[in-house]
Amino acid sequence: MRWLALLLLSAPAAAAPIVPQFTQGTMSSHTETTSKVTETIVSENYSTGFEYSASGVNITPDGPINPVSNTTVNGWTSLGERPNWSIVKPGEAFQFVESLKGPGLSNVTTIQRTTEITSVTDTVSSFSE
């Protein structure tokens, strides 16, 4: 019991301050971040009516080239009468091209691309006493 009282009455311990022993230094860090973006772009072109075209050499129409639209089917006006074509000088060379495009999807373009982005950050801190 005496020892316990003696221990309790002893002087408190004193702490010595800790002082760093360096005068200068540097600290550096290196960070890399990579991100990958994949995207798909789809473009659709629609035609909302009929397109009629005709061309050639040594040919002639029997009436106006622009056909008359006269019939409606499911909300779309269809192509009615178109001109009849004949050769101007029989026996000679001729060329004739006629085309008709109806309404609807006319073109689809799809682009797929991937982009990779890398970001690098280097930091250096220096200090001295």
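Rings of Phe, Tyr and Trp (its six-membered ring) pair if their centres lie within 6.5 Å, with planes under 30 degrees apart counted as stacked, over 60 as edge-to-face and the rest as tilted. A search of the whole structure finds one aromatic pair by that rule, and it makes a handy way into this chain. Please keep in mind that this is a predicted model, in which local features need pLDDT of at least 70, side-chain atom pairs count only at pLDDT 80 or more, and totals for chains, interfaces and linings use all residues. Residues are numbered from 1 along each chain as its sequence is written, and side-chain values use heavy atoms, with hydrogens and water left out.

**Overall layout**

- The chain has one helix and eight strands; helices (H or I, at least four residues) and strands (E, at least two) are DSSP runs, numbered from the N terminus.
- Along the sequence, these elements follow the pattern α-β-β-β-β-β-β-β-β.
- Of the 129 residues in the chain, 5% are buried; buried means under 20% relative accessible area, exposed over 50%, and partly exposed in between (1.4 Å probe, protein chains only).
- Among contacts (heavy atoms within 4.5 Å) between residues at least 6 apart in sequence, 82% join residues at least 24 apart.

**The aromatic pair**

- A pair of aromatic rings is described by the distance of the centres and the angle of the planes.
- The pair found here is Trp85 with Phe96, and it is tilted because the planes stand at 45 degrees, with the ring centres 5.3 Å apart.
- This pair links distant parts of the chain: Trp85 belongs to strand β6 (residues 85-87) and Phe96 to strand β7 (residues 95-101), 11 residues apart.
- Trp85 counts as partly exposed at 22% relative accessibility, and Phe96 is also partly exposed, at 33%.

**The salt bridge**

- The structure holds one salt bridge, a term for a side-chain nitrogen of Lys or Arg within 4 Å of a carboxyl oxygen of Asp or Glu.
- Its partners are the side chains of Glu39 and Arg113, at 2.7 Å from N to O.
- Glu39 in strand β1 and Arg113 in strand β8 (residues 104-128) are 74 residues apart, so the pair links distant parts of the chain.
- Both partners are partly exposed: Glu39 has a relative accessibility of 29%, and Arg113 has a relative accessible area of 43%.

**Strands β1 and β8**

- Val42, Tyr46, Leu105 and Val108 make a nonpolar surface patch of about 390 Å²; patches are made of residues with over 30% relative accessible area and no salt bridge, where like charges are joined within 9 Å and nonpolar side chains (Val, Leu, Ile, Met, Phe, Trp, Tyr) within 5 Å.
- At least two residues of this nonpolar patch come from each of β1 and β8.
- Val42, found in strand β1, counts as partly exposed at 49% relative accessibility.
- Ile117 sits in strand β8 and is partly exposed, with a relative accessible area of 46%.
- Leaving aside neighbours within four places in sequence, Ile117 is in contact with Thr33, Thr34 and Ser35.
- Ile117 and Thr33 are 84 residues apart in sequence, yet their C-alpha atoms are 8.1 Å apart in space.
- Ser47 is in strand β1 (residues 24-47) and is buried, with a relative accessible area of 17%.
- Not counting residues up to four places away in sequence, Ser47 touches Gly102, Pro103, Gly104 and Ser106.

**Asn58 in its loop**

- Asn58 lies in the loop between β2 (51-57) and β3 (59-61) and is buried, with a relative accessible area of 16%.
- Although Asn58 is not a glycine, its phi is positive, at about 65 degrees.
- The Asn58 side chain reaches the backbone nitrogen of Lys89 at 2.9 Å, and a polar atom of that side chain lies 3.2 Å from the backbone oxygen of Ala93.
- Beyond neighbours within four places in sequence, the contacts of Asn58 are Ser86, Ile87, Val88, Lys89, Glu92, Ala93 and Phe94.

Note on methods
Areas by Shrake-Rupley, 256 points an atom, 1.4 Å probe, with all protein chains shown as cover. Polar contact = N/O pair within 3.5 Å; in protein donor to acceptor, adjacent residues only side chain to side chain.
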